[in-house]
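Follow along in the structure as you read.

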Number of protein chains: 2
Amino acid sequence: MANDLNLGYNSRRIMASIRASGSQSRADLARSLGVNPATVTRLTTTMVGDGLLTEEADPRRQGLKGYPAKILKIEPTGLYSAGVYLDPDRIRTCVINAAGEIMANDELALPDRSFQSVMSAAAKSVKEQINDLGLDQNRVAGCGVSYPGQYTEDSLRVQRIQQFKDWPNVSIEQDLLKPYFGMPVKHTNDAKAACLAELYHGVCTDVEDFCYIWLSYGIGGGAVVGGNPHLGRVQGAGEWGGLFPKSNSRPSGQDLFDTLKEACVPIGKLNDIGLEHLKMPIVHSWRERAAKQIQWLCLVIARTFDPKTIVIGGTLHPQILDGFVDHMVLVSVLGEDYQHSLPNIVRASRDDLPELGAAALPIHDVTNPTAYAGKANKGW
Amino acid sequence: MANDLNLGYNSRRIMASIRASGSQSRADLARSLGVNPATVTRLTTTMVGDGLLTEEADPRRQGLKGYPAKILKIEPTGLYSAGVYLDPDRIRTCVINAAGEIMANDELALPDRSFQSVMSAAAKSVKEQINDLGLDQNRVAGCGVSYPGQYTEDSLRVQRIQQFKDWPNVSIEQDLLKPYFGMPVKHTNDAKAACLAELYHGVCTDVEDFCYIWLSYGIGGGAVVGGNPHLGRVQGAGEWGGLFPKSNSRPSGQDLFDTLKEACVPIGKLNDIGLEHLKMPIVHSWRERAAKQIQWLCLVIARTFDPKTIVIGGTLHPQILDGFVDHMVLVSVLGEDYQHSLPNIVRASRDDLPELGAAALPIHDVTNPTAYAGKANKGW
DNA sequence: ATTATTATCTTGCATTATGCAAATTAATAC
DNA sequence: GTATTAATTTGCATAATGCAAGATAATAAT
C-alpha cells in the first residue's frame with residue numbers, strides 16, 4: 001500500500017474522525033459522518049484488511065443490550081512516515097508510525113551546505129532507518145522535510161530559504177526532492193511543520209481551527225483552518241514575527257540571546273540557556289515583557305483568525321514557553337475591548353522534535369480529507 | 001427548482017468556475033475542473049434544461065478548426081434571491097437575479113424594534129417584490145438578512161446583535177426566521193455580507209483568499225479562505241475593529257463623526273458628509289491619519305491571513321474610501337520588515353447596496369461547492 | 001468539390017461508491 | 001427459553017463518473 005495507498009474521501013473522513021474523537025464503533029462513525037452504516041462497514045473492512053485499522057472489543061459496552069460494538073482504532077504499524085529537519089548545522093531524521101511514535105531517529109552533522117550533499121545525507125539516513133526497521137517501503141507514506149526560516153517571494157511561485165541561499169529554488173510543483181528519497185517528498189518550514197505535529201499527534205487532534213505561535217530564534221507560526229494548513233499568497237500566513245518589527249525589542253529567542261549578550265552573559269546558542277539563566281533578574285524582566293507581547297499577539301490572532309485554540313511552542317526553553325501559557329491563563333481579559341472569553345491557549349506537546357512535524361506532512365497528504373485530490377464527484 | 005434545486009458537487013464547481021473565469025465551453029470546463037468532458041456534457045445539459053445556464057455561440061472561435069465550441073453562461077433569470085438589510089432605523093430589501101442585478105428594491109421605516117414587527121415588515125416587502133416580478137417561488141434560492149454590529153458571545157453558540165438587544169437569540173441551527181419568509185433564510189452581519197457581495201458579484205469573483213475591510217460607523221470586516229467565508233470561534237474572524245482600541249482615535253466613521261463634532265461641524269449622520277466637508281483641513285488631516293492606520297491594518301492582515309487581495313469598502317464617503325486605496329497603491333513598502341510585494345489592495349465595487357450581500361447568502365448556499373452538504377462520497 | 005484534419009460535444013457501457021432494507025449476530029431482559 | 005435490542009453485514013438498486021468510440025461542424029489541403 002502506501003505508495004499505491006489511495007484512500008477515498010470517506011475513508012479519509014474515517015481516519016480523521018478516529019484521530020480526532022478516538023476509537024469508535026462503525027455505528028458511531030456512521031452517525032457522526034452522516035453516512036450509511038453499510039458504507040462504513042465496507043470501507044473499514046478494506047481498511048482493516050490493509051492493516052490501517054484494527055478491531056477490538058469495546059470495554060465500555062459491558063452490560064448493555066444489543067450486539068456488542070467492535071471498536072476501530074488506528075493501527076500504529078499500518079502506516080509509517082519519514083521526517084527530516086534541517087538545522088543550519090545539523091540534520092535530524094526520524095521514522096514515525098501511524099500513532100506518531102518515533103520508531104527510529106538520527107542526528108548527523110551537515111557535510112556542507114550544498115543541496116546535493118544535504119539531501120543525499122538526509123536520504124541515506126532515512127533509508128537506513130527504514131531498512132533497519134525492516135519496513136515495507138509500501139507502508140511508508142513518504143518523507144517530509146522542514147527547516148527554519150521564512151519564505152522569500154520570487155518570480156513565479158518559487159520559494160527559497162534564507163539559511164540555504166545557494167539552493168535551487170525548491171518548488172512544490174516540480175519535485176526536485178523525490179529523486180533523492182525515492183518516495184513522495186513534501187517540505188515546509190519548521191513552524192508550519194510544528195502545526196502539523198500538533199494536528200496529528202499533539203494537542204489539536206480534535207481542533208479544526210487553531211493558530212500556532214512558534215518561538216525559536218525568530219517568531220514563526222501557522223494557522224490551520226478547517227483542518228487544513230492555511231498558507232496564504234506568499235506562504236506567509238501565520239508568520240507572526242513580522243508583527244514585531246526587528247528594530248524594536250521582540251519576544252524572540254534572538255532577542256533574548258542579544259539581551260543576555262548585552263548583559264555580558266555569554267551563551268553559545270539558544271539551547272545553552274539553563275536553569276541558572278532563568279533565575280537571573282535580566283531574564284525575568286525579559287520574560288515579563290515578552291509575555292505581554294505574546295498576550296498582544298494572542299489578541300491580534302483572536303481578532304483576525306478567531307481560532308478555537310492558540311498553541312504556544314518552539315525551541316525556547318520549555319519553562320519560558322510554559323510561563324507564557326501560564327501568563328495567558330491568569331489573564332482574565334485578553335485585551336482592551338475584547339468582549340469574549342479567551343480562546344483556548346495551550347502549550348505545544350510535540351515541539352521537542354522538529355522532525356516529527358515534517359514526518360506528519362506525508363501522513364496528512366495520504367489520509368486527510370481536505371488533502372483529497374481524487375476525482376471530484378462528491379455525493380448526489 | 002430552487003427550493004428543490006439540489007446541485008451536486010460538480011455542478012456547483014461548474015457554476016463557480018463560470019462565475020470566476022467567465023463563460024466557458026464544456027471542453028474548457030472539463031479541462032479546468034479535471035473531470036471528463038462527458039461528465040460536463042451531462043451536468044450542463046440538465047443545468048441548461050433547468051434554466052440555470054444558457055448556451056451561445058463562441059465569437060472568439062471564428063476561423064479556427066474543429067467543432068465550434070458552444071459557450072455556457074450563467075442565465076440571469078435562472079435563479080433569484082432576496083436580501084434584507086436591517087439598519088437601526090430602516091429596512092432595505094431587494095430581489096436580485098443570478099447575475100447580481102437588482103430586479104426590485106424597497107426601503108421602509110422600522111415599525112418598531114420588536115423581532116416580530118421587523119421580520120413581518122421585511123418578509124412582506126420581499127414577498128411583494130417576488131409577486132410583482134411574477135417570479136416562480138421555486139426559482140428563489142431564499143432570503144438573506146444582514147445587519148450592522150458584531151456578535152456577542154453567549155452560552156451555547158447563540159449570537160445576538162447589539163442594535164436589537166431584545167431579540168430572541170437567533171441561532172443558525174434553529175431557524176427562527178423561516179416562518180416569516182416561507183423560504184430558506186440565512187443571516188450574517190453587514191461586513192460579512194459585503195464580503196459575499198464582492199465574492200459573487202464584485203471584485204473578488206476570481207479570488208479564493210481575500211480579506212475585506214468594512215468601514216462604517218464601526219470597523220468591521222471578514223475573511224474568505226478557500227472561497228468560503230471564515231467565521232471563527234465566536235464569529236469574530238476578520239472583525240478588525242478590535243485591533244483599534246476604542247480609547248484611542250481610530251479609522252472609523254464614528255471617530256470621524258466625533259472629530260467633526262469636536263470641531264463644531266455638526267452633522268446628523270455619516271451620510272450627511274458631503275464634498276464641502278471633504279475639503280476641510282480637519283477632515284484632510286483625519287484622512288491622512290486614518291490612511292496610516294489602514295496601512296497598518298493591511299500589514300497586520302498580510303502577516304496573518306496573507307491573502308491575495310484586500311478589499312476596502314463600507315458606508316464611509318466613497319472619496320474617503322477611494323483615498324485609502326490610493327494611499328495603499330502609492331505605498332511601495334507595506335511596512336517595516338515586510339519583504340514581499342503588496343497584496344492586491346482594491347476598492348469594493350458593491351458596497352453601495354448592503355442588501356445585495358445579504359441576497360448573496362442563499363445563492364452561496366445553493367451554488368457554492370464549499371457549501372455543499374450532500375452525501376459525502378467524493379471520488380474514487 | 002472532395003477529402004483530410006481538427007476540436008467539441010455526445011452516447012453506450014463499465015465501474016465505483018453509496019443508500020436502503022432486510023437479514024444476521026450476539027448481547028441483555030423477561 | 002423467548003423477546004428485545006443494537007451493531008453489523010449482505011443483496012440489490014441507484015447515482016455519478018470515466019473511458020472509448022462515434023457524431024458533429026468547422027477549417028485546411030488536395
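## Pairing rule

Two strands count as paired if DSSP finds at least two bridges between them. By that rule β9(B) and β12(B) pair: six bridges join them, and they run parallel. The model is a predicted one.

## The sheet

Five strands of chain B form an open sheet in the order β11-β10-β9-β12-β13. The pairing is mixed. Strands β11 (228–230) and β13 (344–347) of chain B are the edges, and each pairs on one side only. Neighbouring strands are turned by 25° against each other on average, direction ignored.

Helix α9 (residues 281–304) of chain B packs on this sheet. The helix touches β9, β12 (309–314) and β13 of chain B. Its direction makes about 155° with that of β9(B).

## Partners of β9

Strand β9 (residues 210–215) of chain B runs antiparallel to β10 (residues 219–225) of chain B, and six bridges join them. Here B:Y212 stands opposite B:G222. Towards β12(B), B:W214 has B:G313 as its bridge partner.

## Inside β12

Is β12(B) buried or exposed? Six of its six residues are buried, so the strand is largely enclosed by the rest of the structure. In a regular strand, side chains alternate between the two faces of the sheet. On one side of β12(B), B:T309, B:V311 and B:G313 are buried. On the other, B:I310, B:I312 and B:G314 are buried too.

## On to β13

Four bridges pair β12(B) with β13(B) in the parallel sense. B:I312 stands opposite B:R347. Between these two strands the chain crosses through helix α10 (residues 318–330) of chain B. This β-α-β crossover is right-handed.

Technical notes:
Residues are numbered from 1 along each chain as its sequence is written. Chains are lettered from A and ligands numbered from 1 in the order in which they are written. This is a predicted model: local features need pLDDT of at least 70, side-chain atom pairs count only at pLDDT 80 or more; totals for chains, interfaces and linings use all residues. Side-chain values use heavy atoms; hydrogens and water are left out. Axes are lines fitted to C-alpha atoms, for helices over the stretch in contact, and angles run from 0 to 180 degrees between N-to-C directions. Contact means heavy atoms within 4.5 Å. Buried means under 20% relative accessible area, exposed over 50%, partly exposed in between (1.4 Å probe, protein chains only). A crossover is right-handed if, with the strands pointing away from the viewer, the path from the first strand over the helix to the second runs clockwise.
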